[in-house]
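Student: I have a model open and want to learn to read its features. Can you take me through a few?

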Amino acid sequence: MASTADDTNGRRRRHPRTGSEAAALAGESSGLRKSTGPVAETRWLNADELAAWLANSAIMISLPAALDARMQREAQLTFFEYMVLSVLSEQPDRTMQMSALAVRTAASLSRLSHVVGRLEKRGLLARKRIPGSGRRTTATLTESGYEVVVAAAPGHVAAVREYLIDDLEPHELAALRRIGAAVDAAIKREQPDASSAASSPPEAPTIHSGRRRTAD
(Lines give C-alpha, C1' and ligand atoms only; values in the text may rest on other atoms or scores of the structure.)
Protein backbone atom coordinates (compact mmCIF):
# COMPACT_ATOMS: atom_id res chain seq x y z
CA MET A 1 0.00 0.00 0.00
CA ALA A 2 2.98 2.29 -0.05
CA SER A 3 5.85 2.95 -2.39
CA THR A 4 9.43 3.02 -1.14
CA ALA A 5 12.56 5.03 -1.84
CA ASP A 6 16.07 4.96 -0.49
CA ASP A 7 16.75 7.55 2.19
CA THR A 8 20.12 9.22 2.78
CA ASN A 9 21.44 6.27 4.78
CA GLY A 10 20.46 3.60 2.26
CA ARG A 11 17.40 2.38 4.15
CA ARG A 12 14.02 1.96 2.51
CA ARG A 13 11.57 4.72 3.36
CA ARG A 14 7.83 4.31 2.93
CA HIS A 15 5.83 6.90 1.01
CA PRO A 16 2.05 6.54 1.21
CA ARG A 17 0.13 6.60 -2.05
CA THR A 18 -2.80 8.73 -0.98
CA GLY A 19 -5.55 7.04 -2.98
CA SER A 20 -4.74 3.40 -2.26
CA GLU A 21 -3.77 3.95 1.37
CA ALA A 22 -6.88 6.03 2.05
CA ALA A 23 -9.10 3.32 0.60
CA ALA A 24 -7.38 0.59 2.61
CA LEU A 25 -7.48 2.51 5.90
CA ALA A 26 -11.16 3.20 5.38
CA GLY A 27 -11.80 -0.46 4.53
CA GLU A 28 -13.00 0.35 1.03
CA SER A 29 -10.30 -1.55 -0.87
CA SER A 30 -11.52 -4.71 -2.66
CA GLY A 31 -14.71 -4.80 -0.62
CA LEU A 32 -12.97 -5.21 2.74
CA ARG A 33 -15.98 -3.93 4.68
CA LYS A 34 -18.05 -6.79 3.26
CA SER A 35 -15.59 -9.45 4.39
CA THR A 36 -16.09 -11.75 7.35
CA GLY A 37 -13.70 -12.70 10.14
CA PRO A 38 -10.86 -10.55 11.55
CA VAL A 39 -10.92 -8.13 8.59
CA ALA A 40 -14.61 -7.40 9.11
CA GLU A 41 -13.94 -6.67 12.80
CA THR A 42 -11.28 -4.05 12.01
CA ARG A 43 -12.04 -0.56 13.33
CA TRP A 44 -11.82 1.21 9.97
CA LEU A 45 -11.14 4.94 9.95
CA ASN A 46 -14.06 7.29 9.42
CA ALA A 47 -13.72 10.37 7.20
CA ASP A 48 -12.43 12.69 9.95
CA GLU A 49 -9.99 10.09 11.30
CA LEU A 50 -8.70 9.34 7.83
CA ALA A 51 -8.16 13.03 7.03
CA ALA A 52 -6.26 13.49 10.30
CA TRP A 53 -4.06 10.46 9.61
CA LEU A 54 -3.19 11.49 6.06
CA ALA A 55 -2.35 15.03 7.22
CA ASN A 56 -0.11 13.61 9.94
CA SER A 57 1.65 11.42 7.38
CA ALA A 58 3.09 14.60 5.87
CA ILE A 59 4.72 15.41 9.21
CA MET A 60 6.11 11.90 9.64
CA ILE A 61 7.49 11.57 6.11
CA SER A 62 7.93 14.95 4.43
CA LEU A 63 9.20 16.95 7.41
CA PRO A 64 12.11 14.64 8.36
CA ALA A 65 13.12 14.42 4.70
CA ALA A 66 13.09 18.22 4.37
CA LEU A 67 15.08 18.68 7.59
CA ASP A 68 17.58 16.06 6.45
CA ALA A 69 18.07 17.63 3.03
CA ARG A 70 18.55 21.08 4.50
CA MET A 71 20.96 19.86 7.18
CA GLN A 72 23.09 18.09 4.58
CA ARG A 73 23.09 21.14 2.34
CA GLU A 74 23.96 23.64 5.07
CA ALA A 75 26.06 21.63 7.55
CA GLN A 76 27.18 18.48 5.70
CA LEU A 77 25.43 16.33 8.31
CA THR A 78 22.41 14.08 8.07
CA PHE A 79 19.56 14.96 10.42
CA PHE A 80 20.27 11.82 12.45
CA GLU A 81 23.97 12.67 12.73
CA TYR A 82 23.01 16.11 14.00
CA MET A 83 20.71 14.58 16.62
CA VAL A 84 23.49 12.27 17.87
CA LEU A 85 25.91 15.18 18.22
CA SER A 86 23.24 17.39 19.75
CA VAL A 87 22.28 14.89 22.46
CA LEU A 88 25.95 14.36 23.37
CA SER A 89 26.57 18.11 23.50
CA GLU A 90 24.06 18.47 26.34
CA GLN A 91 25.62 15.88 28.64
CA PRO A 92 27.73 17.30 31.50
CA ASP A 93 30.90 15.67 30.15
CA ARG A 94 29.62 15.36 26.56
CA THR A 95 29.68 11.58 27.07
CA MET A 96 26.93 8.97 27.00
CA GLN A 97 26.71 5.21 26.99
CA MET A 98 25.79 3.92 23.55
CA SER A 99 22.70 2.07 24.77
CA ALA A 100 21.35 5.25 26.38
CA LEU A 101 22.21 7.28 23.30
CA ALA A 102 20.25 4.81 21.17
CA VAL A 103 17.18 5.37 23.35
CA ARG A 104 17.52 9.15 23.19
CA THR A 105 17.80 9.13 19.40
CA ALA A 106 15.15 6.40 18.87
CA ALA A 107 17.65 4.26 16.96
CA SER A 108 18.73 0.64 17.04
CA LEU A 109 22.20 -0.03 18.40
CA SER A 110 23.32 -1.32 15.01
CA ARG A 111 22.22 1.83 13.20
CA LEU A 112 23.71 4.04 15.91
CA SER A 113 27.03 2.16 15.82
CA HIS A 114 27.24 2.61 12.06
CA VAL A 115 26.61 6.36 12.26
CA VAL A 116 28.87 6.85 15.29
CA GLY A 117 31.65 5.06 13.42
CA ARG A 118 31.22 7.47 10.54
CA LEU A 119 31.31 10.49 12.87
CA GLU A 120 34.34 9.05 14.64
CA LYS A 121 36.25 8.90 11.36
CA ARG A 122 35.53 12.60 10.93
CA GLY A 123 36.94 13.35 14.38
CA LEU A 124 33.58 14.56 15.73
CA LEU A 125 33.34 12.01 18.54
CA ALA A 126 35.29 9.17 20.12
CA ARG A 127 34.24 5.78 21.47
CA LYS A 128 35.65 4.03 24.52
CA ARG A 129 35.03 0.61 26.05
CA ILE A 130 33.82 0.58 29.65
CA PRO A 131 35.95 -1.76 31.82
CA GLY A 132 34.18 -4.75 33.32
CA SER A 133 31.77 -7.40 32.14
CA GLY A 134 29.60 -6.91 29.11
CA ARG A 135 30.24 -5.02 25.91
CA ARG A 136 29.51 -1.50 27.10
CA THR A 137 30.80 1.47 25.16
CA THR A 138 30.59 5.22 25.58
CA ALA A 139 30.57 7.93 22.93
CA THR A 140 32.19 11.28 23.70
CA LEU A 141 31.76 14.45 21.69
CA THR A 142 35.11 15.98 20.73
CA GLU A 143 35.79 19.70 20.68
CA SER A 144 35.55 19.61 16.89
CA GLY A 145 32.21 17.85 17.17
CA TYR A 146 30.94 20.46 19.61
CA GLU A 147 31.94 23.25 17.25
CA VAL A 148 30.14 21.52 14.38
CA VAL A 149 26.87 21.04 16.25
CA VAL A 150 26.89 24.59 17.64
CA ALA A 151 27.46 25.94 14.12
CA ALA A 152 24.64 23.77 12.71
CA ALA A 153 22.07 24.59 15.41
CA PRO A 154 20.93 28.03 14.15
CA GLY A 155 20.17 26.67 10.67
CA HIS A 156 18.31 23.72 12.13
CA VAL A 157 16.16 25.92 14.34
CA ALA A 158 15.44 28.20 11.38
CA ALA A 159 14.27 25.17 9.38
CA VAL A 160 12.03 23.97 12.22
CA ARG A 161 10.47 27.42 12.44
CA GLU A 162 10.00 27.70 8.68
CA TYR A 163 8.55 24.23 8.14
CA LEU A 164 6.43 23.91 11.28
CA ILE A 165 6.43 26.35 14.20
CA ASP A 166 5.85 29.77 12.65
CA ASP A 167 2.72 28.75 10.74
CA LEU A 168 0.93 27.54 13.88
CA GLU A 169 -1.11 29.55 16.36
CA PRO A 170 -0.37 29.20 20.11
CA HIS A 171 -3.38 26.93 20.63
CA GLU A 172 -2.25 24.77 17.70
CA LEU A 173 1.23 24.43 19.21
CA ALA A 174 -0.35 23.35 22.50
CA ALA A 175 -2.46 20.78 20.64
CA LEU A 176 0.57 19.54 18.71
CA ARG A 177 2.46 19.07 21.98
CA ARG A 178 -0.42 17.06 23.47
CA ILE A 179 -0.69 14.95 20.33
CA GLY A 180 3.04 14.22 20.32
CA ALA A 181 2.98 13.24 23.99
CA ALA A 182 -0.04 10.96 23.47
CA VAL A 183 1.54 9.21 20.47
CA ASP A 184 4.84 8.79 22.31
CA ALA A 185 3.06 7.28 25.32
CA ALA A 186 1.10 4.86 23.11
CA ILE A 187 4.27 3.67 21.40
CA LYS A 188 6.09 3.21 24.69
CA ARG A 189 3.24 1.08 26.02
CA GLU A 190 4.13 -1.42 23.29
CA GLN A 191 7.82 -1.41 24.27
CA PRO A 192 8.29 -3.11 27.66
CA ASP A 193 12.04 -2.40 27.67
CA ALA A 194 11.30 1.33 27.37
CA SER A 195 9.21 1.48 30.54
CA SER A 196 11.95 3.16 32.56
CA ALA A 197 12.45 5.79 29.87
CA ALA A 198 8.70 6.37 29.68
CA SER A 199 8.44 6.93 33.43
CA SER A 200 11.16 9.56 33.37
CA PRO A 201 11.40 11.14 29.93
CA PRO A 202 14.69 12.92 29.22
CA GLU A 203 14.79 16.64 28.65
CA ALA A 204 15.14 17.66 25.03
CA PRO A 205 18.68 18.70 24.13
CA THR A 206 18.91 22.47 24.42
CA ILE A 207 20.99 23.01 21.30
CA HIS A 208 18.41 21.03 19.35
CA SER A 209 15.65 23.29 20.70
CA GLY A 210 17.55 26.42 19.84
CA ARG A 211 19.23 27.54 23.06
CA ARG A 212 22.99 27.55 22.74
CA ARG A 213 24.91 26.31 25.77
CA THR A 214 28.15 28.03 26.66
CA ALA A 215 31.19 25.92 25.87
CA ASP A 216 33.14 24.57 28.83
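Tutor: We will look at one helix, then at some strands. Keep in mind that this is a predicted model.

Student: What should helix α2 span, given its 29 residues?

Tutor: Expected span is 1.5 Å times one less than the number of residues. Helix α2 covers residues 47-75, so it should span 42 Å. Its end C-alpha atoms are 41 Å apart, which agrees.

Student: Where does α2 kink?

Tutor: At S62, by about 30 degrees.

Student: Which residues of α2 are buried?

Tutor: Buried means under 20% relative accessible area. In α2 these are L50, S57, I61, L63, L67, D68, R70, M71 and A75.

Student: Is Q97 buried, exposed or partly exposed?

Tutor: Partly exposed, because its relative accessibility is 29% and that class lies between 20% and 50%. Q97 sits in strand β3, residues 95-97. Beyond its sequence neighbours up to four places away, it touches I130, R136, T137 and T138.

Student: How do β3 and β4 each pair with β5?

Tutor: β3 runs antiparallel to β5, with three bridges. β4, residues 125-129, is also antiparallel to β5, with five bridges. Look at A139 in β5: M96 is a bridge partner, and so is R127.

Student: How many residues of β5 are buried?

Tutor: Four of the five, so this strand, residues 137-141, is mostly covered.

Technical notes. Residues are numbered from 1 along each chain as its sequence is written. This is a predicted model: local features need pLDDT of at least 70, side-chain atom pairs count only at pLDDT 80 or more; totals for chains, interfaces and linings use all residues. Side-chain values use heavy atoms; hydrogens and water are left out. Helices (H or I, at least four residues) and strands (E, at least two) are DSSP runs, numbered from the N terminus. The bend at a residue is the angle between axes fitted to the seven residues ending there and the seven starting there. Buried means under 20% relative accessible area, exposed over 50%, partly exposed in between (1.4 Å probe, protein chains only). Contact means heavy atoms within 4.5 Å. Two strands pair if DSSP finds at least two bridges between them.
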